[in-house]
Amino acid sequence: MPVEITWWGHATCTVEDSGVRVLTDPLFARRLAHLRRRRGAPPPAEAAVADVTLVSHLHADHLHVPSLARLAPDTRLLVPSGALRSVPGLRRLGHLRLTEVAPGDRVQIGDLVVRVVPARHDGRRLPVGPHRAPALGYVVEGESRTYFAGDTGLFEEMAEEVGPVDVALLPVGGWGPYLGDEHLDAGRAADALARLRPGSAVPVHYGTYWPLGMDAVRPHEFHAPGAEFVRLAAERAPGVTVHRLEHGESVRPQVTGYRSSPGDAPAGRGDDEREGEAR
């Protein structure tokens, strides 16, 4: 069965490959501190069903303890090394099989291998404390090689560290009106595609959460990143098919590798490949 990817909003995705269900950075809340979910219903109960859950870094919108508590008993949970020391709430999740990982680690899950790769991002739990943990990306290797970037900026060794991939799940925005260089916006994400050269990409981490009281502050930063990424990817990485999903929507990308000819497959929503109905 081809790899299937479902975007639930923000950085939360389900990747199904080789009979294994992988969940990324689960965030199921309607509100988180000063953020509220402004687009897309909270994920249904089925979104919390996974064989393994990947946490990219310790920020509360990526490592959300109440959302992790909803996972089924015995779910495998991979977190950055140092997470247990930095986030005491993880110790209450005794129903999960928690493993701390670092760049270079490889974890076998059924017929999948999860490869841990670096990210360029502040991995500390905020507000800033004395403990540090790395921000991570993951490459899920089964019938396809799917890169989940977590939160990251561009870095020189990105293509070398990530390695060849078929599908890239890339952040293209954030939850506020300003992004630093340790994030990918639509333009930097398109540049990342040109470096990584996957066959397909799915934009994530945009258009879901926004700070209370800031609806009128640079609203295009909330609404526009997905479409802007599609446009810029067509210019900068024309061999990549971009699937811009709605919340709860799924896609089965064709795993054919990067196509270098601009005329072969222009970036777009990939409507012919998407599942027709949102979950």
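Leu35 stands opposite Pro211 in strand 15. The model is predicted, so local features need pLDDT of at least 70 and side-chain atom pairs count only at pLDDT 80 or more, while totals for chains, interfaces and linings use all residues. Residues are numbered from 1 along each chain as its sequence is written, and side-chain values use heavy atoms, with hydrogens and water left out.

Strand 5 covers residues 35–37 and pairs with strand 15 in the antiparallel sense over 3 bridges. Two strands count as paired if DSSP finds at least two bridges between them. Both strands belong to an open sheet of 3 strands, ordered 4-5-15 with antiparallel pairing. Strand 4 (31–32) and strand 15 (209–211) form the edges, each pairing on one side only.

The chain holds 6 helices and 17 strands. These elements are DSSP runs numbered from the N terminus: helices are H or I with at least four residues, strands E with at least two.

Of the 279 residues, 57% are buried, meaning under 20% relative accessible area (1.4 Å probe, protein chains only). The accessible surface of the chain is about 11000 Å², and carbon and sulfur atoms account for 49% of that surface. Areas come from the Shrake-Rupley method with a 1.4 Å probe. Among contacts (heavy atoms within 4.5 Å) between residues at least 6 apart in sequence, 67% join residues at least 24 apart.

Mean pLDDT, the predictor's confidence in each residue from 0 to 100, is 87 for the chain, and 84% of residues reach 70 or more. Residues 258–279 stay under 50. For this stretch the model has 64 contacts beyond four places in sequence.

Methods. Buried means under 20% relative accessible area, exposed over 50%, partly exposed in between (1.4 Å probe, protein chains only).
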